[in-house]
Amino acid sequence: MTIRKQLFWASTALMSSFFMAETAAAQSTGTAAVEVEQVVVTGRRGPRTIDGAMVAETVGKSRSSITQEFIETQAAGQTINEVLNLVPGMSFTNNDAYGSSGGNIRLHGFDGPRISQTFDGMPMNDSGNYSLYTNQQLDSELIGTASVNTGTTDVDSPTASASGGTINLSSIAPTTEFGGQIKGSLGDDDFRRVFALVNTGEIGPWGTRAWLAYSDQSYDKFKGLGDLNKTQYNFKVYQPIRDNGDFVSLAGHWNRNRNNNYADLQLKRNADGSASLADGVTWDSDFDTDYTAPTYRNGEADIDGNSNRYWALRQNPSDTGNIRAQSRFTLREGLIFTFDPSFQYTLATGGSGQFVLSETDRALLGSSGTGGVDLNGDGDTLDSVRVHATNNTHTQRYGISSSLIWRMSDTQTLRAAYTLDDARHRQTGLYGRVDFSDPTNPHFFDPFAGLHDKDHRIVNQDGYELRTRDRLSYAILNQFAVEYAGRFLDDTLRVNVGVRAPFFKREMNQNCYSQSKSSSVVCSTENAVKQADGTYKLGTRTQSYIAPYSREVKFDDILPNINVSWNFSGNQWVYGSFAQSLTLPRTDNLYTVFFDANGDITSPITEPEKTTTYDFGYRYQTGVLMASANVWYTKFDNRIVSRYDQDLGVSFDSNVGDVDLYGFDSQIGWSPIEGLSLYATASYTDSEIANDYLDGTTVIKTGGKSLTETPDWTFGGRIQYETGPLQVGAQVKYTGERWVTDENDLYTEAYTVVNADAKFDLGYFGYKNSSLALRIVNLFDENYFGSISGAYNASRNTYAYRGAPRTMQATLTYAF
């Protein structure tokens, strides 16, 4: 196998395979269909990739892609977001070496909830808070292409949260021949993983083909006690319809995570403003390993005096799955229809909620206001007992991405698109009992706090099942878009002009009492007495509460998307793009309510965040050398932060001003000789916040400061060499200084991580396509701060996660 995978782009006979490979980075089937119509057949010869780490791009905006060829050089089981960390403009901090603990994304200064990520065109951001859960991604062996649009969207982007750009993942296509592979991996921290993939090949009279895949991985935390387990099931069925690219596919995915958490590390400020570990904290500090058995005696007021930091009670479970279809139909000559429906299921918690509850707590007393509930069975109601109470979110989400594409001539295409994203969130937080059968090593009966274990739910004296919250929300997007794509000047000039019109609706149904001007709620059967202002007093509580309610809010906008590229010589392009995107207020924040002057329930609703991005770039692409560079500017309007309003007396998300962001990205890939490839990237990001803002009576001095957690400089590189059956590689990522605090008075120092890999092709011994691989993460065992939890300024508590230490892994692959 050689790295110079060359082919002729001139042959129109390759159009079908070109459609599958070159446009796989596109977000949806509709976008892919438009892009393939713009393919220019140049008669040029050369590779489409540099060992999969860099892909030749032709779109008129900044897009960087990787393929399975590069993905397979990375650690087995790794999250795709870590694999994308070499892409210019992107910074990802992984919370462990194998990816199951999640991590944090920054793309041109924007965090995960402001970046849209799609999976075969299906949106992956949480539809309520827009978070990205990077430990729930598709197994990396099943991802054919992953691409990053920095700062721009596609015209049919199905998202309420794309102000920072998009990340698009495409699953592999089933092969025409029967075959598959079985992988077994072992590594540090007792890492064990099995992955199996079977391709059916073409079966039946219509050439139907499919693949099925299974994986299971588990490992111990690299510090402290606890482990992480992930199991995945995946399938895909592909039915070609004609030899013109028409097809129907159906795919399914199921992911189960059961993880113990890592503890973050408290920081302190050094004299020069840099961050270091707080006094008494070490790189190996984690959750408590000992639990003092509580003593409960009849007639005595006993208290569980342990903290909430015991390792076995720090978990983050999730179950996620989806069914997604993609299809393309040529209705008649020049008229194409694409239709991509999907369904998603999520059951996840907000983390490890557990605390000590008094047996005479008002919520337990209920309507009587007296007595108590014996939670520990010692015969009295005098004690304070540890209970499990976590926020569960159950989401059912339906989606459609569809396009009607009219090829008006050989060079002119018009497209109309419709997108639906309809998500139902059922958010509860039952109180569950803790299993003290081993009193020095307590565990949860149910990781979802009684959701699946009715026998251990906690009920009050009225028979009411206690809960931290109880609400039903709907997040609904209806979006319409049109796009024109044209080619001019003998196919050297490409123009895409599009506009999307999203219409968002958020429905909130609150089943508990809401504290006025607060996000706090009370879910109980305490006596409620209505006050003259329409609020209620609950039992002996002094606060004012609003009774359960239903309300809705709506948002809409018109968002243009324009890009132009010019192939002014055979190997060189210049391009420019203009795009507007937005991110809505998160659904959770819309539950902060109060009565307005008219006596209606309202909330301090913010305007959506909106970005306007300008991007100009250059590409050079030949048979052995590819390079690109671009400069960009983003105007970030209506930035949202959580603050306290002194007049309203309420904390809520609100618009606090604008941010200017600008920088440049560059990458180069070179294959100077057979068997050797070199790849390097460099990016710079700067930002300036326009205003200070008030949090209560405190002035948060952010005017003129930079966004937090965003490195100024990042550099990346990879070298790979192949000789005979041996392939070796090494890659490096430098991450510059990052501000921890909004006022920029605390920063983390720059760090560099080097990874290495080697693979021996067992075809040398007759086992075709089989291999033995060794991969090392953080080769030089550098200590560094990964994900950061900041604050307004360094006078407040700040935290960071430790980056993964040196970790080795071996993988044996048997192909058949």
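The account below begins with the cavities and then turns to the strands and the disulfide.

Analyst: Happy to. Please keep in mind that this is a predicted model, in which local features need pLDDT of at least 70, side-chain atom pairs count only at pLDDT 80 or more, and totals for chains, interfaces and linings use all residues. Residues are numbered from 1 along each chain as its sequence is written, and side-chain values use heavy atoms, with hydrogens and water left out.

First, the setting. The secondary structure comes to 5 helices and 53 strands, where helices (H or I, at least four residues) and strands (E, at least two) are DSSP runs numbered from the N terminus. The C-alpha atoms fill a box of roughly 90 × 65 × 65 Å along the principal axes. The radius of gyration, taken over C-alpha atoms, is compared with a globule rule of 2.2 Å times the number of residues to the power 0.38. For 816 residues a compact globule would have a value near 28 Å, and the protein agrees, with 28 Å. Of the 816 residues, 59% count as buried, a label for under 20% relative accessible area, with exposed meaning over 50% and partly exposed in between (1.4 Å probe, protein chains only).

A cavity is a set of points, on a 1 Å grid over the protein atoms alone, where a 1.4 Å probe fits but cannot get out; lining residues have an atom within 4 Å of a point. Grid points are joined across faces, edges and corners, and a volume is the space filled by probe spheres set on the points. The count comes to 16 cavities of 30 Å³ or more.

The largest cavity holds about 370 Å³ of space. Its lining has 28 residues, and E82, N85, V753, N755 and V777 lie nearest the centre. The elements that give two or more residues to this lining are α4 (80-83), β4 (90-94), β46 (726-735), β49 (751-761) and β50 (771-777). The largest share, 5 residues, comes from β49. By class, the lining of the largest cavity divides into 13 nonpolar, 10 polar and 5 charged residues. Here Ala, Val, Leu, Ile, Met, Phe, Trp, Tyr, Cys and Pro count as nonpolar, Asp, Glu, Lys and Arg as charged, and the others, Gly among them, as polar.

One of those lining elements, β4, can be followed into a sheet. Two strands pair if DSSP finds at least two bridges between them. The open sheet has 3 strands in the order β4-β5-β6, with antiparallel pairing. Its edge strands are β4 and β6 (110-111), each of which pairs on one side only. Between β4 and β5 (residues 103-107) there are 5 bridges, and S91 stands opposite R106 in β5.

The second largest cavity holds about 140 Å³. It is lined by 18 residues, with R63, S64, Y575, S628 and Q667 nearest its centre. At least two lining residues come from each of β3 (63-67), β9 (143-150), β37 (609-621), β38 (625-637) and β41 (659-670). The lining of the second largest cavity has 6 nonpolar, 8 polar and 4 charged residues.

Elsewhere in the chain, β23 (residues 412-435) has several pairings to trace. A hairpin of 4 residues joins β22 to β23, and β22 (residues 392-407) pairs with β23 in the antiparallel sense over 16 bridges. In that pairing I405 has R415 as its bridge partner. R415 also has a partner in β25, namely E483, within an antiparallel pairing of β23 with β25 (residues 467-488) that has 18 bridges. Finally, β24 (residues 443-444) joins β23 through 2 antiparallel bridges, with V434 opposite F444.

The last stop is a covalent link. A search of the whole structure finds 1 disulfide, meaning a pair of cysteine sulfur atoms within 2.5 Å. It joins C512 to C523, with S to S at 1.9 Å, and is right-handed, with 105 degrees about the S-S bond. C512 lies in the loop between β26 (493-510) and β27 (513-515) and C523 in the loop between β28 (521-522) and β29 (528-530), so the pair ties together parts 11 residues apart in sequence. Both C512 and C523 are buried.

Terms used. 1 Å grid on protein atoms, 1.4 Å probe; cavity = no way out; pocket = protein on both sides within 12 Å on 5 of 7 lines; lining within 4 Å.
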